[in-house]
Amino acid sequence: MTSASQRGLPGTRPEGVRDEKEAAAHVREMFGRIAPRYDLLNHLLSLDIDKLWRRRVAQRFRAVLRDPNAKVLDLCCGTGDLAFAFRREAAGGAEIIGADFVPEMLIRARAKSAAANAKIEFVEADALSLPFGDASFDLVSCAFGFRNLANYERGLHEILRALKPGGTVAILEFAEPPGKIFGALYRFYFRYVLPRLGGLISGNAQAYAYLPSSVSKFPDPHELKITFEQAGFAGVQYERWTGGIVTLHTGSKV
């Protein structure tokens, strides 16, 4: 796989954009357009496995989430599914904040939160310039949004800045699975079936063509681990889940 850094790209570059500013604007507009069908397509196209992935992340950080003094930030939260998984696992413990720079996603996240009385604050925020003070959070997470940042290194530095000493980062992201047979089947589904089905249901074929393209250009798990370490995180590890379809990266702030 040709990674983003091997191409000399600091972050996502949708087709036709020239710089970070255009990349961010393109991503914001694209996700705003698909927001009405975002939840439906996430669950349908993953065969509901995305719910399991988020639940596993929440269970992994149960000790933090159940600490009533802890503060947790879910970046690129979309319509809030990981934040809601955190809230359920927290059982009334940690303060949980979801942040995204797509207003249309946040409208839906807030509606879901109000309906469930989930007590999660959702704020509009750019992951590359967070409106939070230094050392504010015990846990910063991001599920399937990190690869959409216009600058990966700057995103990691912002996460590191916002974490308390001893705090943890958890990035759950898509990856291209290893293995000839499973990898080939996955790539066929991801590159040919998913874009057509997603485009048909959402009415936005471009957005679902962007998805496999962005994954194919994203750093592989080992390279991303190195990027975490270079950004200043300690104890960086990654785990491949579901045959390598997704990878959970974790690290801590010294």
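Analyst: What follows covers helix contacts, then the cavity. This is a predicted model, where local features need pLDDT of at least 70, side-chain atom pairs count only at pLDDT 80 or more, and totals for chains, interfaces and linings use all residues. Residues are numbered from 1 along each chain as its sequence is written, and side-chain values use heavy atoms, with hydrogens and water left out.

User: At what angle do helix 8 and helix 9 pack?

Analyst: About 150°, with the axes of helix 8 (residues 180-202) and helix 9 (residues 205-217) 7 Å apart. Helices are DSSP runs of H or I with at least four residues, and strands are runs of E with at least two, numbered from the N terminus. Axes are lines fitted to C-alpha atoms, for helices over the stretch in contact, and angles run from 0 to 180 degrees between N-to-C directions. Helix 8 is therefore roughly antiparallel to helix 9, the term for angles over 145 degrees.

User: Which residues make the contact?

Analyst: Helix 8 gives F190, R191, L194, P195, G198, G199 and S202, and helix 9 gives A205, Y208, A209, L211, P212, V215 and S216. Contact means heavy atoms within 4.5 Å. By class there are 9 nonpolar, 4 polar and 1 charged. Ala, Val, Leu, Ile, Met, Phe, Trp, Tyr, Cys and Pro count as nonpolar, Asp, Glu, Lys and Arg as charged, and the others, Gly among them, as polar.

User: What about helix 2 and helix 8, what angle and spacing there?

Analyst: Helix 2 (residues 38-45) packs on helix 8 at about 150°, with axes 11 Å apart. On the helix 2 side the contact has L40, L41, L44 and L45, which meet Y189, L194, L197, G198, I201 and S202 of helix 8. That contact has 8 nonpolar, 2 polar and no charged residues.

User: Switching topic. How many cavities of 30 Å³ or more are there?

Analyst: The count is 1. A cavity is a set of points, on a 1 Å grid over the protein atoms alone, where a 1.4 Å probe fits but cannot get out; lining residues have an atom within 4 Å of a point. Grid points are joined across faces, edges and corners, and a volume is the space filled by probe spheres set on the points.

User: What volume does the largest cavity have, and what lines it?

Analyst: Its volume is about 40 Å³. The lining is E173, F174, A175, F218, P219, D220, P221, L224, T247 and H249. Strand 5 (163-174), helix 10 (221-231) and strand 7 (246-252) each give two or more residues to that lining. The lining of the largest cavity has 6 nonpolar, 2 polar and 2 charged residues.

Technical notes
On a 1 Å grid over the protein atoms alone, a cavity is a set of points where a 1.4 Å probe fits but cannot get out, and a pocket is an open set with protein on both sides within 12 Å along at least five of seven lines; lining residues have an atom within 4 Å of a point. Angles under 35 degrees count as roughly parallel, over 145 as roughly antiparallel, 65 to 115 as roughly perpendicular and the rest as oblique.
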